[in-house]
Amino acid sequence: MDGVGVVEPKKRRLTLPAGGLRLAYGGVLKEVEVAYEECGAPIAADNVIYICHALTGDAHVAGVKPGETKPSGWWEGMVGPGRAIDTNRYHVICANVLGGCSGTTGPMSIDPDTGKPYGSSFPQYTFDDAVDVFRMLLKELGVTHLKALIGGSFGGMQVVNWMTRFPDDMDCACLIATSANLNTQAIAFSVMSRTSITDDPKWNGGDYYLEGDGKGPKAGLAAARQLAHITYLSRELLQKKFARNLQKEFVEARAEARAERDRLFKTYFQIESYLDYQAMKFVRRFDANSYLHITRSMDFADPCAAYGSLDAAFARVRARTLVCSYENDILFPAWQSKEIVRALSRAGKPVSYCHLESGTGHDSFLTDIAHLSKVVGGFLTERPVTVMKWQERLHRNVLKMVRPGARVLDIGCGDGTLLNVLRAKKGVRGDGVEIDVERYEEAVADGHDVLWEDVDEGLSLVPDGHYDVAVVSDTLQEVKNPRGLLHEALRIADEAIVTFPNFAAYRIRLTLALTGRLPVSKQLPFQWYDTPNIHCITLKDFRALCAKEGIEIVEVKAESRHFLGKLLLALGLKNLGASRIVARLAARRH
């Protein structure tokens, strides 16, 4: 059977302190039962991964439920043998959140004092309480330390709470399609969703479990789900899937059926049918009171309130952190992920950031995981790297310019080859910047912290003076704003090392003179119509630019692999002989 196979749901009644579990807002739970699942390799000291589920998720993160024939986990593509969260290597645990309706104590549970469902008497709780319950469960399972803590969306916000309050609990943390706190628009959606429920007469103040019809506020819960679901998908995806298309039933409906829909202000648009389907599916599995409690706990989650600022909160973190955002995410936009990355960077914490340009919106972290799985898998499991001799030779002059143990950022790091060489030969654990996702995946898998960022828009995620050396390796000729890149490199580092192909080399001149065509070679392997090079840089032009911009050229190394080129270099004709330039720069002091 593909995947982790059959996973048995489990429940555990926690051993609570005398008097019960005291919650942050003052309430007390005399009993707490937790529904959880676990799968994968046997528990060891360094292999446990805990996953925090999304808003309306549950503990069934992967595998086949007893009695079923197919895997039904909500993160099936991420968790399993050989997958990003590799169950051949890791032991995976996921539990239903406090206040939920999938087995963990919540409003539907029986109050031991009354023998009836809690309903309106279920106490208000916070993320602090929810995370405390998770930690109590792990302790009773014999887990005292986590290899990684992973969460997306609502679950990612719980990871933020956990990693800032208990920074020694985990080695790694993955924050996916999430934020430190909700933005105003997200709170507004949450407020409207709760209003839909509490305005439903069948909500009855939260005490609807013993009503004769057993329905409860299903209309309100359905409306809440419809509103929320609109935020889970991007505008582009909704337009592509449904546009203004009408249901087939519109054509076939009889006059009286149309009249009835008109009376109820119903339409025949496909989007309406889709939202109705999602709502009905949801109300069959979820409880309205749980939805109210869970969304309110999310609204109030805010590490800034607890520690004074985002910087103060993330200064507490000790885990190596991966932050991932998605394009067109309405609920958790990329700017909020970047806030976390900046706070971690300012605190000097190891952090990687990847922005995935899927067009499907917030739910992408559940449904569009091809790149996410490679990023997360590479981040969790650093693969062994062998540095080849040719790689060392290619970067020999850069190696000479970097002192052992220096803090290095490789801007345009590609697949991380130069960072591998620096780590192997100079003891440098450098970081990278890369915008190509496939190259990014390779660099992260080699154990480097990498920031996904468009250097033409500036390096906004990196604080001033954060590094000793910024390397711009064969990138300057590929960006739209080389002047801006040079200044950014010298803003974030004391020195910059820049390498670029020299378009004034004799071989290029000779090819143009004899054939009238641009050369294609090992140094310049692209045809003119698909080359990433958008600027033709020569050593003389580079010197002139640095002089104009007030940048000091501390050292220049000119390179050539050919006899004639080496001869020209020996004669001092660098601009003519060099096929590649390596220059060390510093900001000119006035």
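Begin with the second largest pocket, which has a volume of about 990 Å³. A pocket is an open set of points, on a 1 Å grid over the protein atoms alone, with protein on both sides within 12 Å along at least five of seven lines; its lining residues have an atom within 4 Å of a point. Grid points are joined across faces, edges and corners, and the volume is the space filled by probe spheres set on the points. Select T56, R225, R285, D363 and L366: of the 41 residues that line this pocket, these are the closest to its centre.

The model is a predicted one, in which local features need pLDDT of at least 70 and side-chain atom pairs count only at pLDDT 80 or more, while totals for chains, interfaces and linings use all residues. Residues are numbered from 1 along each chain as its sequence is written, and side-chain values use heavy atoms, with hydrogens and water left out.

Next, colour the helices around the second largest pocket. At least two lining residues come from each of α3, α4, α5 (235-242), α8, α9 and α13 (364-367); α4 gives the most, with five residues. Helices here are DSSP runs (H or I, at least four residues), numbered from the N terminus. By class, the lining comprises 18 nonpolar, 16 polar and seven charged residues. In this scheme Ala, Val, Leu, Ile, Met, Phe, Trp, Tyr, Cys and Pro count as nonpolar, Asp, Glu, Lys and Arg as charged, and the others, Gly among them, as polar.

**Along helix α9**

Select S290, which is placed in helix α9. S290 counts as buried because its relative accessible area is 0%; buried means under 20%, exposed over 50%, and partly exposed in between (1.4 Å probe, protein chains only). Leaving aside neighbours within four places in sequence, S290 is in contact (heavy atoms within 4.5 Å) with G99, G100, C101 and P107.

Then move to D299, also in helix α9 (residues 288-300). D299 is buried, at a relative accessible area of 13%. Show the side chains of D299 and R194, which make a polar contact of 2.7 Å. Such a contact is a pair of N or O atoms within 3.5 Å; within protein, one must be able to donate a hydrogen and the other to accept it, and residues adjacent in sequence count only if both atoms are side-chain atoms. Beyond its neighbours within four places in sequence, D299 is in contact with L182, I187, S190 and R194.

Now select Q124, Y125, H293, R296, S297 and F300, which line the largest cavity. A cavity is a set of grid points where a 1.4 Å probe fits but cannot get out. The structure holds one cavity of 30 Å³ or more, and the space in the largest is about 30 Å³. The lining of this cavity has two nonpolar, three polar and one charged residues.

**The nonpolar cores**

Select W75 and L372, the residues with the most contacts inside the largest nonpolar core, which has 151 residues. Helix α1 (residues 127-140) gives the most to this core, with eight residues. A nonpolar core is a set of buried Ala, Val, Leu, Ile, Met, Phe, Trp, Tyr and Cys residues joined through side-chain atoms within 4.5 Å. Around L372, setting aside neighbours within four places in sequence, the contacts are W75, M78, I176, C324, Y326, L356 and F365. Apart from this core lies another, of 14 residues, among them M401, V408, L418 and V471.

About 1,200 Å³ of space lies in the largest pocket. Of the 37 residues that line it, select G412, R439, S473, D474 and E478, the closest to its centre. Both α15 (389-394) and α17 (417-426) supply at least two lining residues. The lining divides into 13 nonpolar, 10 polar and 14 charged residues.

Go on to P532, in the loop between α20 (506-515) and α21 (539-549). P532 is partly exposed, with a relative accessible area of 29%. Not counting residues up to four places away in sequence, P532 touches Q477, E478 and F526.

**Two loop residues with positive phi**

Most residues other than glycine have a negative phi. Select N204, in the loop between α3 (184-198) and α4 (218-232); its phi is near 55°, a positive value. N204 is partly exposed, at 43% relative accessibility. Finish at F265, in the loop between α7 (255-263) and α8 (270-283), where phi is likewise positive, near 55°. F265 counts as exposed because its relative accessibility is 75%.
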